[in-house]
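Here are my notes on the model, as numbered points. Please read them with the structure open.

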Amino acid sequence: MDSNENSRLSRVAKRREEESRNNPRKPNKNSGLVKKIILGALTALLALFVIGATVFFVYAKNAPELSENKLTSAGNSVIYDANGDKITSLGNENRTYIKTEDIPQQLKDAVVSIEDRRFYKHHGVDPVRIVSAVLSNVTGSSAGLQGGSTLDQQLIKLSFFSTKKSDQTLKRKSQEAWLAMQLDKEYSKEQILTFYINKVFMGYGTYGMETAAKYYYGKSLKNLDLAQTAMIAGIPNAPSTYNPYSSPKLATQRRNDVLDAMVANKKISQAQANEAKQEDVTDGLVQTHEQESTTSQKAKISDSYLKEVIAEAKEKGYDPYSGNLKIYTNLDMDAQKKLYNIVNTDYYVDFPNDTMQVATTVVDPNNGKVIAQIGGRKTGDVTYGLNRAVQTDRSSGSTAKPVMDYAPAIEYLDWATYHALKDTKFYYPGTSTQLHNIDNRYKGTVTMRQALIESRNVPAIKTLQAVGMTKAKSFLSNLGYDTKLSLQNGIGLPASTLQNAAAYAAFANGGTYYEPTYIDKIETADGQVNDYSSSGKRVMQSSTAYMITDMLKQVITSSNGSGTAANISGLYQAGKTGTSDYPSDVSGQFPSDASMDSWFDGYTKHYSISVWVGYDHQYEPGNYVPNNSTLAQQIYKVLMTYLSQGVSNTDWTKPSNVYSRTINGQRELYLAGSAAPTITGKGSSSGINESSSSSSSSSSDKESSGSTSSSDEKSSGSDSNSNASESSTSTASSTSTNSSATTTTGGNNNTQSNNTPATPAGNNGGNQAGH
């Protein structure tokens, strides 16, 4: 480069330097904004960290104390009765505890690979695992990891906390992490792994993997092959889902996941995994298991009840088998023992054979607590067998009449107990199916009281027509029944003793329905107590409950009543019988008086009891209940007599809006504001005594049980047209096949329509229910 060129470049440089001095560069505004954002973000993160750390240590400070006893104990839950006495523990209390030195390395490798691959590297809590779990949730790939919890944390949860998902709060997670870190400090990795292997629930009431190996394969862990070891290691994640007995397909998938995790963790080769995958998951399984002889007597007699307790706990979000819970039930053990003895011996009632079955539920009307229940008799030493007390596949017969027909008629139509009903020939609308009464006779005009006491079918169905299916369904729904309904259900509902006992309890307590409950409270492993008492809901007026009760008393006390075998002298009680007949296509194979099902639902102010008697295989020869059988009533009577000892015995108090009058020697009830008709004939004004609303209700038990005869009342019932005063000069005008009915209620004409033809279930000629 020549000198002229150098001189030129020098001049350019000087000029630029001079321009830079005269025109300084302006600062970049965007650069400053970015710095502020970064600084703000860092400050926010620091603040969040400080807040998080503070919250963590506040929560951790109140964490349970680390206890080796809890780490080594089985994770089973304990169930208690209403007095706080232990009934049983869930799971195998004869757990086989395996020592650290006896655990096969192959099992350790399998457990660590599938549950916590970085187990030997972290210190109780694994930040890498947490981040990996988050990324896995985002991307949908598991990378062999099962969430963010380490083996340490899982062990802490099983030992100290509830496994209920809703209980996994920030506080709980903080305490869990804190204890996991403390665990890692105090115990070696081998000890922690040993605790875990002996702690986990493995299905079918077994705890610990050594116990499970003997249960599933009949041998110790050390004698399992690779495929079987992988199977055992995979079960704790979901014992009900991944066990090879009930779900071989899912169990195979889980076992293969464990094998793949072991390959990824470099514990076995791909060739070893492939070979193990070829083994059928059911190979080597023990085919039969003998019933444990250690089953406690309390658990045996409470088997049906305990089955429902476990189901209710699961519905509430708990895992009773791995939750380490204390479950306090509403079971009255003395009542349960009495009930068990009544149905399993011939000391109290005479059963025709050992195959006849019984189901019974006892409910406290004042809170809905199920205090006793039995789902069968002569069942042997089964565990959580069929509970017939909660089955809804049998017709409840005439026990349906109060809840579906007559109570809604009082509630919605303001009917009096002496409301007149037609007991005449009747065909279900739109069909040629005739409905019969139990005696195959028709009485003409009867009162509602008489129809209910004698359990007559035709007046019940006509009452249901008057009420209307819409209102009847609504009323039933409020009483805990959830089923498809049609007209014939007015004389027989698909129901369980649990449903019936809870529904009749609403009559007993004056109109409040409590959902029946088995569990009073649950205490979690960390001492948290959750109360599960049922809150009542008013489903009918107290006047409706009282008037139904007043009539149902005479089902038991009247000479014409269908439930006289349940009568307990001096006890204020009410109840209803029910039977269901065989369908017409098979009825010819049985005696004319044969029934499939026999029921009695009865109650006092303290107890509501529902009893069913029948056969599991009701269509087999000889498996029928005679129509005149009183077994259900006898069972009720013995049990109610026992329960009523030592408790108050008082009558129900008549509500202020209920009035009484005597008609033909019978105390009848009607509602304030509704028409109080003048009855002619035997019940003329000279024979009528009207009582004010303050009249004593106890007189009903001392008066004649006779009912007004059909000639005494000419006023029309649910199938007639009547004037506002329901006078005796009204002319009955009805067609028994009509699907609409006009009724008079307190001077108002209310018409309910039922336009859907109904055919009785089983095409049984309209004889679905008798008494």
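1. Start with Glu-454 and Arg-456: both are buried. Buried here means under 20% relative accessible area, exposed means over 50%, and partly exposed lies in between, with a 1.4 Å probe and protein chains only. The two residues also form a salt bridge, with the closest N and O atoms 3.6 Å apart. A salt bridge is a side-chain nitrogen of Lys or Arg within 4 Å of a carboxyl oxygen of Asp or Glu. Salt bridges with shared partners join Asp-423, Asp-439, Arg-441, Lys-443, Glu-454 and Arg-456 into one network.

2. A word on the basis. This is a predicted model, in which local features need pLDDT of at least 70 and side-chain atom pairs count only at pLDDT 80 or more, while totals for chains, interfaces and linings use all residues. Residues are numbered from 1 along each chain as its sequence is written, and side-chain values use heavy atoms, leaving out hydrogens and water.

3. Arg-456 sits in the loop between α17 (448–453) and α18 (457–467) and Asp-423 in strand β6 (residues 420–423), so the pair ties together parts 33 residues apart in sequence. Helices (H or I, at least four residues) and strands (E, at least two) are DSSP runs, numbered from the N terminus. Arg-456 has a relative accessible area of 3%. For Asp-423 the value is 0%, and this residue too counts as buried.

4. How many salt bridges does a search of the whole structure find? The total is 17. One further example is Lys-108 with Glu-190, where the closest N and O atoms are 2.7 Å apart. This pair links distant parts of the chain: Lys-108 is in helix α4 (residues 105–115) and Glu-190 in helix α8 (residues 189–199), 82 residues apart. Lys-108 is buried at 9% relative accessible area. Glu-190 is partly exposed at 28%.

5. Now strand β14 (residues 574–581). Eight of its eight residues are buried. Both faces are covered: one side carries Ala-574, Lys-576, Gly-578 and Ser-580, the other Gly-575, Thr-577, Thr-579 and Asp-581. In a regular strand, side chains alternate between the two faces of the sheet.

6. Last, the pairing of β14. Eight bridges join β14 to strand β15 (residues 594–603), and the two run antiparallel. Strands pair if DSSP finds at least two bridges between them. Gly-578 has Trp-599 of β15 as its bridge partner.
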